Amino acid sequence: MALKINHNLVNEEIAKTLVDICPFKAIEYHDNKLSINAGCKNCKICVKKGPAGVIELVKEEIKTINKNEWKNIVIYADIEENKVHPVTYELIGKAKELAQVINHQVHVLAIGHNLTQTVDKILHYGVDKVFIYDHEKLEHFDVERYTNIFEDFINKNKPSSILFGATNIGRSLAPRVAARFKTGLTADCTALEMKENTDLVQIRPAFGGNIMAQIINPNHRPQFCTARYKVFNAPEKTINPTGEIINCPIEDKWLKTNVEILEIINKKKEEDISESEIIIAIGRGVKSKEDFDLVFELAELLNASIGCTRPVAEAGLLNNKHQIGLSGKTVKPKLIITLGVSGAIQFTSGMKDAECIIAVNNDPAAQIFDIAHFAVFGDIYEIVPELIKIIKEGKSNV
Amino acid sequence: MNIIVCIKQVPGTSNVKVDPITGVLIRDGVQAKMNPYDLYALETSLQLKEKTNGKVTVISMGPPAALSILKEAIYMGADEGILISDRKFGGADVLATAYTISQAINTIDDVDLILTGKQTTDGDTGQVGPETAEFLNLPHFGYVTNVEVKENKIEFISNLETKIMKANITLPCLLCIDSDINTPRLPSYKRKVKFGNCEKQIKIMSFNDMEDQDETKYGLKGSATQVEKIFQPEKTTDRLVLQGTKEQMAKDLLNVLKERKFI
């Protein structure tokens with residue numbers, strides 16, 4: 001579908017209205033001519049909210065595909081040195097819900113070496129089939145080799161949807177395979193739904209702003225998406241798994257690569273806030289590094305980890321491993337206390353699933369209160385010291 | 001060494017709201033800027049340029065306003081800039097964007113290395129780099145924290161989930177540079193005076209300059225994904241407001257923490 005300008009309806013006033021209505025500054029009016037520039041994001045606001053009929057949506061002939069030829073939902077098993085990343089299980093949980101709607105099966109694709117035990121673990125999460133590509137040259141992630149394997153898998157099995165964890169591996173592999181099949185990919189989905197026609201409804205924050213977009217892939221298969229760790233829930237394990245294991249043959253020509261691994265070093269185990277049960281998150285309302293001591297003191301009393309928003313990390317006040325949100329970590333703790341956080345979606349999409357959200361901000365209109373369970377309309381510089389004081393009193397009274 | 005760096009203009013803030021009555025997107029007037037993650041890729045390229053006596057070309061796809069970030073890159077030290085801009089490229093998703101960028105890069109001779117940032121701050125997907133590599137049929141690697149040129153290959157370090165990998169990759173290739181790995185230099189005033197509007201350094205590429213003249217592969221037509229609707233995220237309905245004196249609020253807060261057994 002394309003946007004068409006009916007130039008005979010344009011006058012200066014109408015042109016000005018349209019120029020103003022476009023949130024992306026994509027409509028221009030020069031020399032009595034209205035035009036749409038490359039900034040157009042096809043949000044269609046000019047069609048829906050602009051002067052009627054001036055800009056209209058023109059349907060174009062689209063090649064349609066037979067969606068019935070593409071069946072089942074596949075999870076890419078995120079495996080590093082035979083350890084399955086738990087996001088894999090969370091995706092299995094989601095895929096089982098999605099598959100029920102359309103009566104598809106849930107399949108897992110595992111690529112690696114000596115995968116028998118690893119695959120056994122995956123089977124316990126109740127999937128229908130696990131496809132294994134096992135070879136010594138597949139022991140470590142190699143994007144060229146893995147993409148070739150994926151190509152073979154898709155050509156032979158024609159899956160409808162493929163879900164990846166948004167890990168460093170998933171974010172490299174998913175776009176590579178999606179581009180090879182010239183199909184759509186939606187990164188970092190925060191919700192997934194299934195239509196009866198097998199279109200995967202992918203929801204994520206969009207346009208860098210405080211809005212969500214619902215995205216579909218109506219004329220392409222397979223449908224690709226990634227989702228982060230701690231967004232979905234892993235299913236209960238089954239005691240007697242019934243899933244089938246399918247060993248897939250590998251051709252040498254798939255194993256060519258331009259990357260030669262020299263060394264693999266284990267990272268020092270560092271505190272990972274996505275594993276914490278209690279988090280205190282610092283926003284721009286906490287003004288200076290000295291003030292952080294106050295927050296650290298409260299964190300110690302509550303046995304909490306420290307998180308922060310992007311501006312705090314970008315200002316160098318905290319290391320970016322503390323950063324929560326779209327460009328940081330996704331967390332799902334039992335409790336998160338936000339201090340001086342305004343609540344841009346960039347941040348909230350990384351923590352909104354916390355079991356209990358306590359927000360402290362002196363601006364009652366702050367967006368963080370839209371998702372908070374407990375909204376504290378107050379000054380952090382007054383409340384935090386007071387809270388520290390009474391927690392300490394309580395402890396010394398015991 | 002002939003290096004290309006892909007950069008993008010992003011909104012200055014993330015303050016975009018939907019007007020609850022009209023449903024129209026409201027963006028505040030804060031100026032657009034270069035995606036901050038691209039600065040690390042640009043700095044990496046400038047350091048390599050100095051070491052190898054190379055050349056850096058910055059490429060950006062976007063509306064004419066994106067010229068400003070190409071100029072900024074040239075003031076920082078890049079030699080040339082290309083703005084990929086055409087109404088036909090509008091509304092592109094990851095697939096169409098990556099294809100368009102790959103087509104533009106295809107018109108440049110003897111490319112050795114392509115660098116991108118790890119993601120943008122507006123889309124936050126980090127997927128255009130790897131897709132571009134696939135369309136160019138080049139190897140790529142992500143989350144790269146260190147780059148050393150060794151004859152016809154590059155030795156790099158990549159930050160994986162639980163491991164750090166040191167490896168060689170043959171040239172030409174595409175690398176997505178991790179954030180915080182260097183201190184990006186500031187634009188130089190001297191270069192700004194010298195190059196001014198950069199008319200000689202920057203060229204604009206439109207659809208007609210592309211090798212593949214099939215319009216259905218670009219912009220909205222070339223996009224596989226469609227935005228069905230946009231909406232404001234839901235609000236919590238059962239929230240409890242604590243207000244009053246600081247003593248009252250702190251006491252209420254403590255009770256909440258105790259009730260829920262956090263203390």
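**Reading the loops and sheets**

Modeller: Let's start in a loop: B:Pro172 sits between strand S11 (163-170) and strand S12 (173-177) of chain B. Helices (H or I, at least four residues) and strands (E, at least two) are DSSP runs, numbered from the N terminus. This is a predicted model, where local features need pLDDT of at least 70 and side-chain atom pairs count only at pLDDT 80 or more, while totals for chains, interfaces and linings use all residues. Residues are numbered from 1 along each chain as its sequence is written, chains are lettered from A and ligands numbered from 1 in the order in which they are written, and side-chain values use heavy atoms, with hydrogens and water left out.

Colleague: What kind of peptide bond joins B:Leu171 and B:Pro172?

Modeller: Most peptide bonds are trans, and most residues other than glycine have a negative phi. The bond between B:Leu171 and B:Pro172 is cis, with omega about -5°. Chain A has a cis bond from A:Arg221 to A:Pro222, with omega near -5°; A:Pro222 lies in the loop between strand S14 (211-216) and S15 of chain A.

Colleague: And phi? Where is A:Lys230 found?

Modeller: A:Lys230 is in the loop between S15 and S16 of chain A. Its phi is positive, about 75°, although A:Lys230 is not a glycine.

Colleague: Is A:Lys230 buried or exposed?

Modeller: Buried means under 20% relative accessible area, exposed over 50%, and partly exposed in between (1.4 Å probe, protein chains only). At 17%, A:Lys230 counts as buried. Now take A:Asn82, in the loop between strand S6 (79-80) and strand S7 (83-84) of chain A: phi of A:Asn82 is positive, near 60°, and at 30% A:Asn82 counts as partly exposed.

Colleague: Now the sheets. What is the order of the seven strands in the open sheet of chain A?

Modeller: Two strands pair if DSSP finds at least two bridges between them. The order here is S11-S15-S10-S5-S8-S9-S16, with parallel pairing. S11 (185-189) and S16 (244-247) of chain A are at the edges with a single partner strand each, so one side of each has no neighbour in the sheet. S11(A) runs parallel to S15 (residues 223-227) of chain A, joined by three bridges, and A:Thr186 has A:Cys225 as its bridge partner in S15(A).

Colleague: Which strands form the sheet of 10?

Modeller: That open sheet takes strands from both chains, in the order S17(A)-S11(B)-S10(B)-S9(B)-S12(B)-S8(B)-S1(B)-S6(B)-S7(B)-S13(B), with mixed pairing. S17 (259-266) of chain A and S13 (202-205) of chain B are its edge strands, each pairing on one side only. Inside it, S6 (residues 55-61) and S7 (residues 80-84) of chain B pair in the parallel sense over five bridges, with B:Met61 opposite B:Ile84.

Colleague: What does B:Thr145 touch, leaving aside its neighbours within four places in sequence?

Modeller: Contact means heavy atoms within 4.5 Å. On that basis, B:Thr145 is in contact with B:Ile157, B:Asn159, B:Asp178 and B:Ile181. B:Thr145 lies in strand S9 (residues 140-150) of chain B and is partly exposed, at 25% relative accessible area.

Colleague: Which residues of helix H2 (residues 67-76) of chain B are buried?

Modeller: They are B:Ile69, B:Leu70, B:Ala73, B:Ile74, B:Tyr75 and B:Met76. B:Gly77 follows H2(B), with a positive phi near 145°.
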